[in-house]
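Student: I would like to learn how to read a fold and its surface from coordinates. Please take the features one at a time.

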Amino acid sequence: MAEHPVQGLMGATVEKIREMADANTIIGTPIAVDAATTIIPVSKVTMGFASGGSDVGAKATKEMFGGGSGAGVSITPIAFLVVSNGTVRTVQLAEHASPIDNAINALPELVDKLAALLKKGDSTEETAETTAE
């Protein structure tokens, strides 16, 4: 079965979208600020496409087709991940829209605090065991 012209339009549109927005668009290329600090940009990518066509009626002597396609891509920077001295921090560029966004933003700091508490607890237990002996 021969390929319908709409399939060609959709195929070309999808290929162009793939060229415009890949994984490197969402999580950007890391930027080394100095030996201990790296910044990684994070973006939101929104895309859409449409295509369509119409065959000319059966009364025409030739088989005719008319159609078109279009696509749109929006790339919005939303945050930066700052990696410095073994810790990761999120720097948001927009106001938080919901409590879930606030929780996600606070997560790296919470993990760092929990790790520090656990590390402190381990060293306190070791000191107590050494003193008891």
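**Surface, sheet and hairpin**

Tutor: The protein exposes about 10,200 Å², and carbon and sulfur atoms supply 61% of it. Accessible areas here come from the Shrake-Rupley method with a 1.4 Å probe, and for residues only the protein chains shown count as cover. This is a predicted model: local features need pLDDT of at least 70, side-chain atom pairs count only at pLDDT 80 or more, and totals for chains, interfaces and linings use all residues. Residues are numbered from 1 along each chain as its sequence is written, and side-chain values use heavy atoms, with hydrogens and water left out.

Student: What percentage of the residues count as buried?

Tutor: Buried means under 20% relative accessible area, exposed over 50%, and partly exposed in between (1.4 Å probe, protein chains only). Of the 133 residues, 10% count as buried.

Student: How many helices and strands are there?

Tutor: Helices (H or I, at least four residues) and strands (E, at least two) are DSSP runs, numbered from the N terminus. The protein has 3 helices and 4 strands, in the sequence pattern α-α-β-β-β-β-α.

Student: In which order do the strands form the sheet?

Tutor: Two strands pair if DSSP finds at least two bridges between them. The 4 strands form an open sheet in the order β1-β2-β3-β4, with antiparallel pairing. β1 (31-32) and β4 are the edge strands, as each pairs on one side only.

Student: How many bridges join β3 to β4?

Tutor: There are 6 bridges between these antiparallel strands. Val-82 has Arg-89 in β4 as its bridge partner, and Val-83 has Val-88 in β4. β3 and β4 form a hairpin with 2 residues between them.

Student: Where is Asn-85 found, and what is its phi?

Tutor: Asn-85 is found in the loop between β3 (65-84) and β4 (87-92). Its phi is near 50 degrees, a positive value in a residue other than glycine. Asn-85 has a relative accessible area of 65%, so it is classed as exposed.

Student: Is Thr-37 buried or exposed?

Tutor: Thr-37, in strand β2 (residues 37-55), counts as buried because its relative accessible area is 16%. Contact means heavy atoms within 4.5 Å. Leaving aside neighbours within four places in sequence, Thr-37 is in contact with Ile-31, Ala-32, Val-82, Val-83 and Ser-84.

Student: What share of the contacts join residues at least 24 apart in sequence?

Tutor: Among contacts between residues at least 6 apart in sequence, the share is 50%. A separate distance concerns Ala-12, found in helix α1 (residues 5-20). Ala-12 and Gly-70 are 58 residues apart in sequence and 9.9 Å apart in space, C-alpha to C-alpha. Ala-12 is partly exposed, because its relative accessible area is 43%.

Student: Which residues form a nonpolar patch on the surface?

Tutor: Patches are made of residues with over 30% relative accessible area and no salt bridge; like charges are joined within 9 Å, nonpolar side chains (Val, Leu, Ile, Met, Phe, Trp, Tyr) within 5 Å. A salt bridge is a side-chain nitrogen of Lys or Arg within 4 Å of a carboxyl oxygen of Asp or Glu. Here the patch consists of Leu-107, Leu-110, Val-111, Leu-114 and Leu-117, with about 470 Å² of accessible area together. Leu-107 lies in helix α3 (residues 99-132) and, at 46% relative accessibility, counts as partly exposed.
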